[in-house]
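Please read them alongside the sequence and the coordinates.

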Amino acid sequence: QVQLRESGGGLVQPGGSLRLSCTASGLTLDYYPVGWFRQVPGKEREGVGCISGSDGSTYYTDSVQGRFTISRDNAKNTVYLQMNNLKPEDTAVYYCAPWVCRDPFSVSQFSIDQYDLWGQGTQVTVSS
């Protein structure tokens with residue numbers, strides 16, 4: 001059974017940094033492209049960025065471009081989301097999932113709703 005687990009969230013001041021981790025059991029992440037997503041209560045889950053499974057190419061949404069970086073460590077079966085220069089509007093629960101990764105990283109709400117292997121997510125709060 002595939003289980004995804006996100007970790008590394010927390011409370012950080014505006015301008016600060018966090019690194020989130022995505023691990024999986026029952027699945028070797030390095031075989032797959034992986035997407036990061038986030039959701040604010042009362043709003044739809046949205047894509048943040050992704051990393052391809054082939055050449056490690058990464059793509060990001062405009063709101064995080066230049067501030068967030070996705071990488072992977074295949075030896076640890078882990079995908080990371082490095083978040084720098086965090087803003088209050090980055091406050092959300094962050095999730096990861098194997099996902100088609102292309103430029104631009106545009107994800108339909110229908111596909112998000114259909115996916116049923118979401119992990120618990122990790123809370124990121126950006127506040128002074």
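1. The model is predicted.

2. Where do the two partners, cysteine 50 and cysteine 101, lie? Cysteine 50 belongs to strand S5, while cysteine 101 is in the loop between S9 and helix H1 (109-114), so the bond ties together parts 51 residues apart in sequence. Cysteine 50 is buried, with a relative accessibility of 0%.

3. Cysteine 22 and cysteine 96 are also joined by a disulfide, with S to S 2.0 Å. This pair links distant parts of the chain, with cysteine 22 in strand S3 and cysteine 96 in strand S9, 74 residues apart. The torsion about the S-S bond is about 75°, so this disulfide is right-handed. Cysteine 22 is buried at a relative accessible area of 0%, and cysteine 96 counts as buried at 0% relative accessibility.

4. The count of disulfides comes to two. When the bonded cysteines are numbered in sequence order, the pairing reads 1-3, 2-4.

5. Serine 52 is located in the loop between S5 and strand S6 (58-60). Is serine 52 buried or exposed? Its relative accessibility is 7%, so serine 52 counts as buried. A polar atom of the serine 52 side chain lies 3.0 Å from the backbone nitrogen of glycine 56.

6. The largest nonpolar core holds 36 residues, and those touching the most other members are Trp36, Phe68, Met83 and Tyr94. Two or more residues each are given by strands S3 (18-25), S4 (34-39), S5 (46-51), S7 (68-73), S8 (78-83), S9 (92-98) and S10 (122-126). The largest share, six residues, comes from S9. As general background, nonpolar side chains in soluble globular proteins tend to be buried together.

7. On overall architecture, the chain contains one helix and 10 strands. From the N terminus on, the order of elements is β-β-β-β-β-β-β-β-β-α-β. The radius of gyration is 13 Å, close to the 14 Å that the globule rule gives for 128 residues, so the chain is as compact as a globular protein of that length. Along the principal axes, the C-alpha atoms fill a box of roughly 40 × 30 × 30 Å.

8. Of the 128 residues, 43% count as buried. The accessible surface of the chain is about 6,800 Å², and carbon and sulfur atoms account for 44% of that area.

9. The last point concerns contacts along the sequence. What share of the contacts between residues at least 6 apart in sequence joins residues at least 24 apart? The share is 62%.

Conventions
Residues are numbered from 1 along each chain as its sequence is written. This is a predicted model: local features need pLDDT of at least 70, side-chain atom pairs count only at pLDDT 80 or more; totals for chains, interfaces and linings use all residues. Side-chain values use heavy atoms; hydrogens and water are left out. A nonpolar core is a set of buried Ala, Val, Leu, Ile, Met, Phe, Trp, Tyr and Cys residues joined through side-chain atoms within 4.5 Å. Buried means under 20% relative accessible area, exposed over 50%, partly exposed in between (1.4 Å probe, protein chains only). Helices (H or I, at least four residues) and strands (E, at least two) are DSSP runs, numbered from the N terminus. A polar contact is a pair of N or O atoms within 3.5 Å; within protein, one must be able to donate a hydrogen and the other to accept it, and residues adjacent in sequence count only if both atoms are side-chain atoms. The radius of gyration is taken over C-alpha atoms; the globule rule is 2.2 Å times the number of residues to the power 0.38. Contact means heavy atoms within 4.5 Å. Accessible areas come from the Shrake-Rupley method with a 1.4 Å probe; for residues, only the protein chains shown count as cover. A disulfide is a pair of cysteine sulfur atoms within 2.5 Å.
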